[in-house]
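Here is a short report to read beside the sequence and the 3D view. Keep both open as you go.

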Amino acid sequence: MAFLSRAFWSMDFTHTAFDRFCQRIASRNVCTVADFVMHAAPPTKPFVVLRFDVDYREPHGLALAEIVHKYGLHGSFYFRHRAGGFSLDVMRAVAALGHEVGYHFETLDLCRGDFDRAAALFLDHIQLLRNAGLEIRTAAAHGSPSTAPTYTRNLDLLVQRPNLLEQAELLGETTLNVDFARVPYVSDANWRWRRYAHFEPDTVGVPTTLRAVTQHPDAALYINFHPQQWFARPLSTLYFRTRNRIGRQVRR
Ligand SMILES: [Zn+2]
């Protein structure tokens, strides 16, 4: 019974599990996406690039940011402009902990595939964030089904408008400007851990676990977390994860 309850509390996608992960990587060279993109030479191994795509439930991003901070580490946290705008208070709180905050963009989705409007909105959103006192150095494309036949994914905006990054005074984008031949990509998208030896959009990763990817102490890693899937209480994790699984089956 004691074992059962221990297993329950250390269940994946809980703060306890995330805390343990931070503890495991605390002695490694942990860096933000901006740090990684900025240096032409890879950081000394073992290194871990920490990226967080905060799709919604923004306070969950702050909760994970606090745990990362507890171990004296830094990561990159990307936020969307949602119906109510950016969660500026949460973004400021995350930045105050020394983390990088970035722009999680989906302007092609919002502009129904109109590249001119999407580019203008991209620049507007970045300006809005900078006007709010936030230092924005990198952006991350949000992945959702395209809303028009003119594009496949939000990243297409930067692929077709290569000058836009410079215009926006950004160091880079989290996929476009990362050489994944140098570092394996690991993601928790859809509550499933996948490892990609050489990541490219729309490729299929190999199933894994967070524990497995951190087991090799000399490994180079680029990990993408989705904080909305991580809860303080294991019961909440169990509830939302099950709900997501059922939802997926219904949508199929
Ligand atoms: Zn996203």
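## Two strands side by side

Strand β3 (residues 76–79) and strand β4 are paired in the parallel sense, over 4 bridges. Strands pair here if DSSP finds at least two bridges between them. F79 has Y103 as its bridge partner in β4. Helices (H or I, at least four residues) and strands (E, at least two) are DSSP runs, numbered from the N terminus.

This is a predicted model: local features need pLDDT of at least 70, side-chain atom pairs count only at pLDDT 80 or more, and totals for chains, interfaces and linings use all residues. Residue numbers start from 1 along each chain, as its sequence is written.

Now for burial. A residue is buried if 20 or more other C-beta atoms lie within 10 Å of its own, exposed if 12 or fewer, and partly exposed in between, with C-beta atoms placed from the backbone. Strand β4 (residues 100–105) is largely enclosed by the rest of the structure, because 6 of its 6 residues are buried.

Strand β2 spans residues 47–54. How many of the residues of β2 are buried? The count is 8 of 8, so β2 is largely enclosed by the rest of the structure. Both of its faces are covered. On one side sit F47, V49, R51 and D53, all buried. On the other sit V48, L50, F52 and V54, also all buried.

β1 pairs with β2 in the parallel sense, over 3 bridges. Look for C31: its bridge partner in β2 is V49.

Strand β10 (residues 221–225) is mostly covered, with 5 of its 5 residues buried. L221, I223 and F225 point one way from the strand. Y222 and N224 point the other way.

β10 pairs with β2 in the parallel sense, over 5 bridges. In that pairing, L50 has I223 of β10 as its bridge partner. Strand β7 (residues 185–187) also runs parallel to β10, joined by 3 bridges. Here V186 is the residue whose bridge partner in β10 is I223.

## Helix α2 and what covers it

Which residues of helix α2 (residues 15–25) are buried? They include F18, F21 and I25. These residues cover an arc of only 55° around the axis, which puts them on the same side of α2. The arc is that of the directions from the helix axis to the C-beta atoms. Among the elements that cover the buried residues of α2 are β1 (29–31), β2, α4 (58–70) and α10 (210–213).

Two packed helices are described by the angle between their axes and the distance between the axes. The axes of α2 and α4 come within 9 Å and cross at roughly 35°. Axes are lines fitted to C-alpha atoms, for helices over the stretch in contact, and angles run from 0 to 180 degrees between N-to-C directions. The crossing of α2 and α4 is right-handed. A crossing is right-handed if the near helix is turned clockwise from the far one by less than a right angle, and left-handed if anticlockwise.

On the α2 side, the contact is made by H15, F18, D19 and C22. On the α4 side, it is made by A63, L64, I67 and V68. Two residues are in contact if their C-beta atoms, placed from the backbone, lie within 7 Å.

## Residues in loops

D12 lies in the loop between α1 (2–9) and α2. With 19 C-beta neighbours inside 10 Å, D12 counts as partly exposed. D12 touches A17 and L210, not counting residues up to four places away in sequence. D12 and R211 are 199 residues apart in sequence and 9.5 Å apart in space, C-alpha to C-alpha.

D218 sits in the loop between α10 and β10. Is D218 buried or exposed? D218 counts as exposed, because 8 C-beta neighbours lie inside 10 Å. Leaving aside neighbours within four places in sequence, D218 is in contact with K45 and P46.

R57 is found in the loop between β2 and α4. Its phi is near 50°, a positive value in a residue other than glycine. E169 is in the loop between α9 (164–167) and β6 (172–173). E169 has a positive phi of about 55°, although it is not a glycine.
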